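Subject: Handing over the model, with notes on what was found

Dear colleague,

Here is the structure I promised to pass on, with the sequence alongside. My notes follow below it, and I would be glad if you read them with the model open.

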Amino acid sequence: MTLPTVPDFVSTDDLKRKSQPPVTEAEMIQAVRTLLIGLGENPDREGLLDTPKRVVKALKYLTSGYHQSLDELLNGAVFNEDASEMVLVRDIDLFSSCEHHILPIIGRAHVAYIPNGKVIGLSKIARICEMYARRLQVQERLTAQIADALQGLLKPLGVAVVVEATHMCMVMRGVEKPGSWTTTSAMRGVFADDVKTRQEFMSLIMHRPTFH
């Protein structure tokens, strides 16, 4: 697939698969063992024997977005189409990890765009959200990355992204505020410039947020 020229706000690193880090799995497993010892545990007791291996496997899965590419992800699913009305995919489940504490971020994304001669397969919108979510993140950056990826790939008239999430670093530690949630938005093109278009999008995604 030949991708269109992408503007500066889309990282060219995201267009191609990234190389594996220069750290072996054995070194990562040993690092988890060291953490367990530092926490006062015995990594050689029965219940923890395979924990370092499981933790490394889980973290690799939860951060697999570093090793995905937009090129590979799209797999040709961008089509020429004479459409000019809003396309909205809402309530896309998101599971990410806070880069400050490596604790879960759980929420949902609402993504809309107004085509300008090209449309994208609907499932690919969810996959773009997933690719960026499966990295160490802050919610603000995650929201912008989704919007900028779609804006760069499709050159639509506009893109709107709203992410609503609860952060376990606020629930399980620190201020310990269960039930708190955060909303971030990224508006591009007509969604940023035209109040009526933005209001239409916001009215379509209105609901009472819940995360359980």
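This is a predicted model: local features need pLDDT of at least 70, side-chain atom pairs count only at pLDDT 80 or more; totals for chains, interfaces and linings use all residues.

Residues are numbered from 1 along each chain as its sequence is written, and side-chain values use heavy atoms, with hydrogens and water left out.

**The chain as a whole**

The chain has eight helices and seven strands, these being DSSP runs numbered from the N terminus (helices are H or I with at least four residues, strands are E with at least two). Of its 212 residues, 40% count as buried, where buried means under 20% relative accessible area, exposed means over 50% and partly exposed lies in between, with a 1.4 Å probe and protein chains only. If one takes the contacts (heavy atoms within 4.5 Å) between residues at least 6 apart in sequence, 73% of them join residues at least 24 apart.

**The sheet**

Five strands form an open sheet with mixed pairing, in the order E5-E2-E3-E6-E7; two strands are taken to pair if DSSP finds at least two bridges between them. Its edge strands are E5 (136–137) and E7 (182–189), each of which pairs on one side only. Strand E2 (residues 87–98) runs parallel to E5, to which two bridges join it, and Leu136 of E5 is the bridge partner of Ser97. With E3, by contrast, E2 runs antiparallel and is joined by nine bridges. These two strands make a hairpin with five residues between them, and Ile102 in the turn has a positive phi of about 50°. On pairing with E6, E3 is again antiparallel, over ten bridges, one of which has Val162 of E6 as the partner of His110. E3 is also mostly covered, since nine of its eleven residues are buried.

**Helices on and around the sheet**

Helix H5 (residues 139–154) lies across E2, E3, E5, E6 (158–167) and E7, and runs at about 25° to E7; axes here are lines fitted to C-alpha atoms, for helices over the stretch in contact, and angles run from 0 to 180 degrees between N-to-C directions. Helix H8 (residues 195–204) also packs on the sheet, where it touches E2, E3, E6 and E7, and its direction makes about 40° with that of E6.

Helix H4 (residues 122–133) has twelve residues and reaches 17 Å from its first C-alpha to its last, close to the 16 Å expected at 1.5 Å a residue, the expected span being 1.5 Å times one less than the number of residues. Its buried residues include Ile125, Ile128, Cys129 and Tyr132, and what covers the buried residues of H4 includes H3 (70–74), E2, E3, E4, E5 and H5.

**The H1 and H2 pair**

Helix H1 (residues 25–38) packs against helix H2 (residues 51–62) at an angle of about 115°, with their axes 8 Å apart. The contact is made on the H1 side by Glu25, Met28, Ile29, Val32, Arg33 and Leu36, and on the H2 side by Thr51, Pro52, Lys53, Val55, Val56 and Lys60. These divide into seven nonpolar, one polar and four charged residues, with Ala, Val, Leu, Ile, Met, Phe, Trp, Tyr, Cys and Pro counted as nonpolar, Asp, Glu, Lys and Arg as charged, and the others, Gly among them, as polar. After H1 comes Gly40, whose phi is positive, near 95°.

**Two loop residues**

Pro115 is found in the loop between E3 (104–114) and E4 (118–120) and counts as buried, at 1% relative accessibility. Leaving aside residues up to four places away in sequence, Pro115 touches Ala83, Ser84, Glu85, Val87, Pro156 and Leu157.

Ala77, in the loop between H3 and E1 (78–80), is buried too, with a relative accessible area of 11%. With the exclusion of residues up to four places away in sequence, Ala77 touches Val119, Ile120, Gly121 and Lys124. The C-alpha atoms of Ala77 and Leu122 are 9.1 Å apart, although 45 residues separate the two in sequence.

With best regards
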